Amino acid sequence: MKPINEMKMQIQSLSMNEGYARVAVAAFAASLDPTLEELSDIKTAVSEAVTNCIVHGYRDSFGMIYIAVRIFENGRIEIKIRDKGRGIENIEKAREPLFTTLGGDRAGLGFSVMESFTDKMRVRSTLGKGTTVTLIKEIKGKKNADEG
């Protein structure tokens with residue numbers, strides 16, 4: 001299925017850019033007329049994915065984070081967030097709740113949060129080359145919420 005609208009952006013892996021990324025994606029998603037809850041879900045999932053790029057992908061360095069968003073006619077939004085950082089050694093292990101490679105104040109819930117706020121999540125990673133997280137959300141929108 002061909003998207004009806006799409007956008008791409010790239011930001012540096014600086015903590016201050018996480019808020020910009022989540023608001024930019026949410027503003028783009030607003031054309032689907034999502035409910036406040038759906039918009040909040042998108043913001044939270046994007047925030048977690050971008051934070052993972054900053055904290056894990058570029059752990060001891062800086063790099064670019066690439067964000068691509070596609071909107072489809074049926075109300076589906078697909079968000080890809082990619083870094084060219086360290087990569088993930090074991091994706092299944094990394095997706096387990098409470099697993100973290102950093103310890104300290106990290107809860108190890110990033111992937112669990114992303115998964116709980118979207119309808120589908122895919123993670124692809126290559127050591128030394130980076131990670132791509134694809135988040136898919138089906139927007140029912142305010143029109144359908146009013147009927148229910």
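**Sheet, helices and core of a predicted model**

Me: Which residue in β5 stands opposite Glu78?

Reply: Ile136 in β5 is the residue opposite Glu78. Bear in mind that this is a predicted model.

Me: And how many bridges hold β3 and β5 together?

Reply: Eight bridges link β3 and β5, and the pairing is antiparallel.

Me: What does the whole sheet look like?

Reply: The sheet is open and has five strands in the order β1-β2-β3-β5-β4, with antiparallel pairing. β1 (5–12) and β4 (120–126) stand at the edges with a single partner strand each, so one side of each has no neighbour in the sheet. On average, neighbouring strands are turned by 10° against each other, direction ignored.

Me: Is β3 mostly covered or mostly open?

Reply: Mostly covered: six of the eight residues in β3 are buried.

Me: What does Ile81 touch?

Reply: Leaving out residues up to four places away in sequence, Ile81 touches Val46, Ala49, Val50, Cys53, Ile65, Tyr66, Ile67, Thr131, Thr132, Val133 and Leu135. Ile81 is also among the residues with the most contacts inside the largest nonpolar core, which has 36 residues. Others in that group include Val50, Ile65 and Leu135.

Me: Which element gives the largest share of that core?

Reply: Helix α2 (residues 36–57), with eight residues.

Me: Where do the helices sit on the sheet?

Reply: α2 packs on the sheet and touches β1, β2, β3 and β5. The direction of α2 makes about 15° with that of β3. Helix α1 (residues 16–29) lies across β1, β2 (64–71) and β3 (76–83), and runs at about 175° to β1.

Me: Switching to Thr134. Why does it count as buried?

Reply: Thr134 has 3% relative accessibility, and buried means under 20%, so Thr134 qualifies. Thr134 is in strand β5 (residues 130–138).

Me: What is around Thr134?

Reply: Apart from residues up to four places away in sequence, Thr134 is in contact with Glu78, Ile79, Lys80, Lys120, Met121 and Arg122.

Me: What about the pairing of β4 with β5?

Reply: Those two run antiparallel and are joined by seven bridges. Within the pair, Val123 stands opposite Val133 in β5.

Me: Glu38 is a charged residue in α2. Is it buried or exposed?

Reply: Glu38 counts as buried, because its relative accessibility is 8%.

Me: What does Glu38 contact?

Reply: Beyond its neighbours within four places in sequence, Glu38 touches Lys137, Glu138, Ile139, Lys140 and Gly141. Glu38 and Glu138 are 100 residues apart in sequence, with C-alpha atoms 8.9 Å apart in space. A polar atom of the Glu38 side chain also lies 2.9 Å from the backbone nitrogen of Thr35.

Me: Last, what are the totals for the chain?

Reply: The chain has five helices and five strands, in the pattern β-α-α-β-β-α-α-β-β-α along the sequence. Of its 148 residues, 46% are buried. The chain exposes about 8,400 Å², with carbon and sulfur atoms supplying 48% of that area. Among contacts with a separation of 6 or more, 64% are between residues 24 or more positions apart.

Technical notes: Residues are numbered from 1 along each chain as its sequence is written. This is a predicted model: local features need pLDDT of at least 70, side-chain atom pairs count only at pLDDT 80 or more; totals for chains, interfaces and linings use all residues. Side-chain values use heavy atoms; hydrogens and water are left out. A nonpolar core is a set of buried Ala, Val, Leu, Ile, Met, Phe, Trp, Tyr and Cys residues joined through side-chain atoms within 4.5 Å. Buried means under 20% relative accessible area, exposed over 50%, partly exposed in between (1.4 Å probe, protein chains only). Helices (H or I, at least four residues) and strands (E, at least two) are DSSP runs, numbered from the N terminus. Contact means heavy atoms within 4.5 Å. A polar contact is a pair of N or O atoms within 3.5 Å; within protein, one must be able to donate a hydrogen and the other to accept it, and residues adjacent in sequence count only if both atoms are side-chain atoms. Accessible areas come from the Shrake-Rupley method with a 1.4 Å probe; for residues, only the protein chains shown count as cover. Two strands pair if DSSP finds at least two bridges between them. Axes are lines fitted to C-alpha atoms, for helices over the stretch in contact, and angles run from 0 to 180 degrees between N-to-C directions.
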